[in-house]
Amino acid sequence: MTRFLLCCCFIALASFAQAENNKTFPDGFMFGVATAAYQVEGAWNEDGKGENIWDRMVHTDPSSITNNDTADVACDSYHKYKEDVELIAGLNLTHYRFSVSWSRVLPTGFANEINAKGLLYYQNLVKELKARNIEPVVTLYHWDLPQPLQEIGGWTNPNMVTYFKEYARVMIENLVGVQYWATFNEPKQVCRAGYGVGSLAPRISSNGIADYICPYIIVKSHAEVYHMYKNDFPDLKGKMSIVFDGQWAEPASNSTADTEAAERKMHFEFGLYANPIFLGDWPQVVKDRVSFRSEKENFTRSRLPEFTEDEISTINGTFDYLGFNHYYTRLASDVEEEDFDDIGYDRDVRVLSTEDPSWEKSPNGNPIVPWGIRKTLKWIKDTYGNPEIFITENGVIDDGSTLEDDIRIDFYKGYLSSVLDAIYEDEVKVTGFTAWSLMDNFEWTGGYGYHFGLYQVNFTDPERPRTPKKSADFYGTLARTLKIPTSWANKISACWIYLLGTLVVFQFL
Ligand code: FCB
């Protein structure tokens with residue numbers, strides 16, 4: 001009996017040493033990689049492509065990008081897409097999430113002129129993927145608005161609803177085999193960074209005004225496209241939705257004020273974009289805060305546009321899954337109401353964001369907090385009635401000095417283990433995971449200084465060669481086995497425990 005019990009203890013110890021999370025992802029779970037048109041394609045003015053807001057920004061204000069980098073060539077995927085697909089196939093992946101460059105297909109943004117060569121590029125890419133049994137997951141808008149549409153107000157112009165719908169129709173009609181569509185990538189970045197803070201193109205600083213008009217136009221544009229897809233293309237059975245970025249806000253203390261502050265932040269940063277689509281209307285707390293402050297600031301009405309009843313019901317329910325990008329976690333604490341002499345989104349949110357100094361950091365300073373993804377997934381499940389969640393981005397940077405990117409492997413081990421717990425312990429319906437990114441690419445204002453890829457790209461070589469990092473093999477094994485791969489170090493320590501156990505049991509007892 002003692003021998004038996006001891007055996008059990010050693011076996012348990014050995015399995016613990018072997019894997020942090022031994023569970024298997026559910027059958028049919030999808031593992032893929034993501035990129036975005038502007039970050040990888042290059043060919044910025046080739047074959048009839050029009051100018052977009054990022055082209056304009058990098059060319060007219062080079063200093064806005066680290067090292068004055070441009071994406072004129074980027075990873076040259078416009079010419080090397082077959083090689084990209086080859087790499088994806090080599091990793092046993094189920095899907096490739098990429099985005100369409102609007103101005104490559106419609107050079108002026110308007111649907112009166114279709115650029116056949118631009119369209120053909122995406123048709124070829126989809127064909128190539130399908131031939132290798134890889135599902136295309138297509139994002140229609142990943143931040144690169146045609147410049148002529150910006151000239152007339154961009155995402156603050158109500159006519160954008162029509163222009164976006166016309167563009168989407170062209171893509172849906174011409175990429176019929178696509179099963180997964182996303183209208184927008186990260187509307188929070190489009191609106192807050194693009195129109196509120198002015199840190200990303202088109203760099204408009206209209207804090208607390210345009211950053212509320214923008215979500216209003218974006219969710220309406222999204223809903224129109226969703227209905228068009230369902231009504232005008234009944235034979236196409238794909239899924240249409242939208243991708244949100246959701247970072248976790250953990251209360252800085254267990255006080256009621258901090259707990260409410262964290263929840264408020266989640267509603268301002270995630271709910272502002274997700275609520276209209278998943279529940280109808282803006283989150284109540286956002287409506288209350290913005291209208292309260294607007295009144296004190298002597299506005300005649302809330303700075304947050306109001307939906308009509310008709311709009312609420314048109315927008316509500318326009319999703320087939322929830323696309324979710326996750327990168328980091330912050331602590332949230334309540335702060336005092338600021339006076340009303342200045343307006344701004346941060347004053348509306350009234351939350352201080354900090355970090356726990358004990359958290360590990362990535363080379364760009366983002367906290368690595370694996371449990372944050374599990375908490376966000378659970379929050380989405382509870383807030384939005386348990387929708388299907390497709391993780392459309394998650395990843396970390398390495399410092400670019402080595403192909404031995406253990407930082408990325410450890411990051412994914414931690415985050416994926418948390419995703420497994422969300423699936424099995426919290427019963428969140430997660431159906432897919434997408435690594436950001438297939439390869440190092442143009443990281444917006446960070447240029448080529450941020451290395452998010454499973455593959456390294458040599459940006460000084462005109463051929464832009466791709467070289468696998470250690471994490472590529474890790475990710476490929478994960479996709480093939482649906483289990484988080486165990487490192488050799490763990491396997492070896494497990495063997496030692498087995499050996500030691502056998503010795504103890506049979507030698508000394
Ligand atoms: C996300 C963006 C993506 C990339 C990653 C690192 O917010 O969607 O394009 O920049 O961050």
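Where is Ser437 found? Hello everyone, let's start there: Ser437 sits in the loop between strand 13 (430-436) and strand 14 (455-457), where helices (H or I, at least four residues) and strands (E, at least two) are DSSP runs numbered from the N terminus.

A quick word on the model. It is predicted, so local features need pLDDT of at least 70 and side-chain atom pairs count only at pLDDT 80 or more, while totals for chains, interfaces and linings use all residues. Residues are numbered from 1 along each chain as its sequence is written, and side-chain values use heavy atoms, leaving out hydrogens and water.

Another cis bond runs from Ala201 to Pro202, with omega near 10°. You'll find Pro202 in the loop between helix 9 and helix 10 (210-232).

Now for some backbone angles. Asn92, in the loop between helix 4 (77-90) and strand 2 (95-99), has a phi near 60°, a positive value in a residue other than glycine. Leu482 also has a positive phi, about 60°, and is not a glycine; its loop lies between helix 17 (470-481) and helix 18 (488-508).

Are these two buried or exposed, or something in between? Asn92 counts as partly exposed because its relative accessibility is 36%, whereas Leu482 is buried, at 15% relative accessible area. Here buried means under 20% relative accessible area, exposed over 50%, and partly exposed in between, with a 1.4 Å probe and protein chains only.
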